[in-house]
Amino acid sequence: MFCPSCGFRNSEGTDFCTRCGASLIADQADAQTTMSYAASETSGEIKPIKRPLPEAAALVIRRGGGRAGETYALSAERTSVGRHPGSDIFLDDVTVSRNHALITHDEATYVISDAGSLNGTYVNRHRVERHILIDGDELQIGKFKLTFITP
């Protein structure tokens with residue numbers, strides 16, 4: 001089963017994409033889309049894939065806290081992530097620090113910085129203090145796994 005959002009091939013019976021967290025069962029017929037093509041793995045025929053056009057970069061929760069599929073647009077210059085209820089992205093779990101990380105945005109660059117968290121911030125399974133995000137990066141904050149996607 002291919003994800004209608006990113007085109008990633010997922011196992012049959014999966015409800016959410018393991019790459020971007022998009023719903024594999026939701027009807028996205030009314031969403032604004034563009035057409036892209038991917039070669040079939042079994043033959044030379046081309047199979048169309050519909051991909052929604054995001055308006056801004058976003059973080060999608062892939063796993064953790066029963067919140068898989070939740071999407072957070074990163075349209076502000078600064079986005080706070082943490083266990084504090086006032087955080088822009090509130091992750092309610094003891095493995096997440098109150099003020100865990102900060103995502104800053106200037107022009108076309110998104111940077112995640114650890115805010116001195118106890119358990120650390122991970123990008124693509126490597127602990128980071130500061131990292132420039134690129135499309136498809138996997139973030140781990142506490143028990144939550146998120147995917148960074150760009151338009």
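Predicted model: local features only at pLDDT ≥ 70, side-chain atom pairs only at ≥ 80, totals over all residues.
1. Overall arrangement. The sheet is open and built from five strands, whose order is 6-5-7-8-11. The pairing within this sheet is mixed. Strand 6 (89-90) and strand 11 (130-133) are the edge strands, each pairing on one side only.

2. Strands 7 and 8. Strand 7 covers residues 101-106 and strand 8 covers residues 109-114; the two run antiparallel and are joined by six bridges. Within this part of the sheet, Ala-101 is placed opposite Asp-114 of strand 8.

3. Strands 5 and 7. Strand 5, residues 78-82, is likewise antiparallel to strand 7, with four bridges between them.

4. Strands 5 and 6. Here the pairing is in the parallel sense, over two bridges. Val-81 stands opposite Ile-89, which belongs to strand 6.

5. The connection between strands 5 and 6. Ser-87 lies in the loop that links strand 5 to strand 6. Is Ser-87 buried or exposed? Its relative accessibility is 10%, and the cut-off for a buried residue is under 20%, so Ser-87 counts as buried. Apart from neighbours within four places in sequence, Ser-87 is in contact with Ser-80, Val-81, Gly-82 and Arg-98. Among these contacts is Val-81, the residue that stands opposite Ile-89 in strand 6.

6. A point on side chains. In a regular strand, side chains alternate between the two faces of the sheet.

Conventions:
Residues numbered from 1 in each chain as written. Heavy atoms only, no water. Pairing = 2+ DSSP bridges. Buried < 20%, exposed > 50% of the residue type's maximum accessible area, 1.4 Å probe, protein only. Contact = heavy atoms within 4.5 Å.
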